[in-house]
Amino acid sequence: MKIKFIKSMYLLLIGSLFALVNCADPGDDTDIASSIGLGSPITSGAYDVTSSGFTASWTRVYKADSYELDISKDKNFETFLAGYQAKSLTTFNEEVYGLDETTDYFFRVRAVNSEETSSNSGVIQVTTLAGGGPEPVKALKDAATTFFVGMSVKADQLTSGSKYDEILKREFSSITAEYEMKMNIILPTKGNYDWSKSDAIVDYAIANGINVHGHALVWHNSVPDWLKNYTGTNAEFEQEVKDYITAVLTRYKGKVTSWDVVNEAINDAGGTLRQTVFSEKMGDNYVAKCFQFAREADPDVLLFYNDYSVTTNDTKQTAIFKLIDDMKTNNVPIDGIGFQMHIQYNSPSVNQMETAVNKALDRGLKLHFSELDVRANPNKDITTLTEERAIAQKNKIKEVVAVYNAIPQANKYAISVWGMKDNESWLLPFYDNYNEWPLLYDSNFEIKKAHTGFLEGLK
Ligand code: XIL
């Protein structure tokens, strides 16, 4: 007992001394650093070596603000790879690309702060692999074996033999109408259903063994004029909505697996319900009512609530899960939640995604990462998609897919991408920014690094 006590006093004393050193003012720290000298980073090796590149990595150095990376084909570093003579970096790794195959490269790193530059790390030698032509690219749907990989489509893209048709059949296991299964298209005037586009999309999916996710039964941005300016009573309005939901679900029973029943019901600020023609005429419980109508029309279809900024806007996230909790408390049928993944190359963080995902899992919901697109140029600071930004975009997609892939099988449904080609993304006109490349394919239907990121997220 006594020995134990003395031992803990001793530890306490040592601990306090250590704390004292650590608490010393910054001037003292600088003195310590300069007397000891800035340490060199440790390079442990290169990873992800391919025929045209590798990733150089090193350890963080205490008190370093940045690092200088040298890469050379010559072990004495008398010449340097273009751009890699003391390339300044604040990260601890660097993806190097555009290299020659079967060639030796050497790299070393120094730590830098405002006072000094460390001596060189050890030199790492990397030999790139033999080429043998480009590796065959795996199709997204073959790589993702535990959930659907979806794409938003327009009916006129689905002509047999079109480039869209070819890519859809090869890569995607699910489709969603980008706008042709919304109310303003299906029911443009009172009583006159137009199924031409929605049928074309559903028939295409069935003919090709592709899943259909229906989007969206009730959305304030796709209300046909006749309903927006409705002159009947509130009860009649509600009956119109019920009839619409019933007609759509009845027509596509057994053909459409899932529906976004209500889209974007929560405001961006304040955690309040968005005031729309639906809330105005049907009451604040209109969301629950629409889910009830849908369940009555089809007992088997999966019913989703879908919204944006779920991972990044905490107030909105709380309000959305409150809405869902209230529905569950009142036995309103809801199967899943869609996070519209209209995101950016630098946001959301993995942590933000996981927090939101866990809230869905806690409630036993199926989760749809719907409407994925990743803005590469949200601040309009580039005019072409630079390699650096393309890699950042790729890495963000990799994170998104890895987070999704890690959830339990029972909660998985799909990751759906919102558009095929960069130049056709809805985001370009929406943000009036035509220097934007948010998707997996470029304007020539060529696979981008973003596509590779999706595949890497599954590894
Ligand atoms: C967009 C489509 O991409 C556009 O083509 C259409 O004109 C408007 O709607 N959130 C949604 C989607 O839920 O339905 C929206 O799609 C994008 C934002």
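Pro-348 sits in the loop between β14 (336-344) and α12, where helices (H or I, at least four residues) and strands (E, at least two) are DSSP runs numbered from the N terminus. The bond joining Ser-347 and Pro-348 is a cis peptide, with omega about 0°. Another cis peptide bond runs from His-215 to Ala-216, with omega near -10°; Ala-216 belongs to the loop between β10 (211-214) and β11 (218-219). Most residues other than glycine have a negative phi, and most peptide bonds are trans.

This is a predicted model, in which local features need pLDDT of at least 70 and side-chain atom pairs count only at pLDDT 80 or more, while totals for chains, interfaces and linings use all residues. Residues are numbered from 1 along each chain as its sequence is written, and side-chain values use heavy atoms, with hydrogens and water left out.

Two residues other than glycine have a positive phi: Ser-309, near 60°, and Lys-380, about 50°. Ser-309 lies in the loop between β13 (302-308) and α11, and Lys-380 in the loop between β15 (366-375) and α13 (387-405). Ser-309 is partly exposed at 26% relative accessibility, whereas Lys-380 is exposed at 51%; buried means under 20% relative accessible area, exposed over 50% and partly exposed in between (1.4 Å probe, protein chains only).

Helix α12 (residues 350-362) packs against helix α11 (residues 314-329) at an angle of about 10°, with the axes 11 Å apart. Axes are lines fitted to C-alpha atoms, for helices over the stretch in contact, and angles run from 0 to 180 degrees between N-to-C directions. Gln-317, Thr-318 and Phe-321 of α11 meet Thr-355, Ala-356, Lys-359 and Ala-360 of α12, contact meaning heavy atoms within 4.5 Å.

The largest nonpolar core has 103 residues, and Phe-278 and Phe-339 have the most contacts inside it. Such a core is a set of buried Ala, Val, Leu, Ile, Met, Phe, Trp, Tyr and Cys residues joined through side-chain atoms within 4.5 Å. Helix α10 (residues 286-297) supplies the largest share of this core, eight residues. Beyond four places in sequence, Phe-278 touches residues including Met-183, Trp-219, Phe-237 and Tyr-286.

Buried residues make up 49% of the 459 residues in the protein. Its mean pLDDT, the predictor's confidence in each residue from 0 to 100, is 92. Over residues 1-35, however, pLDDT stays under 50. Where pLDDT is low, the predicted coordinates should not be read in detail.
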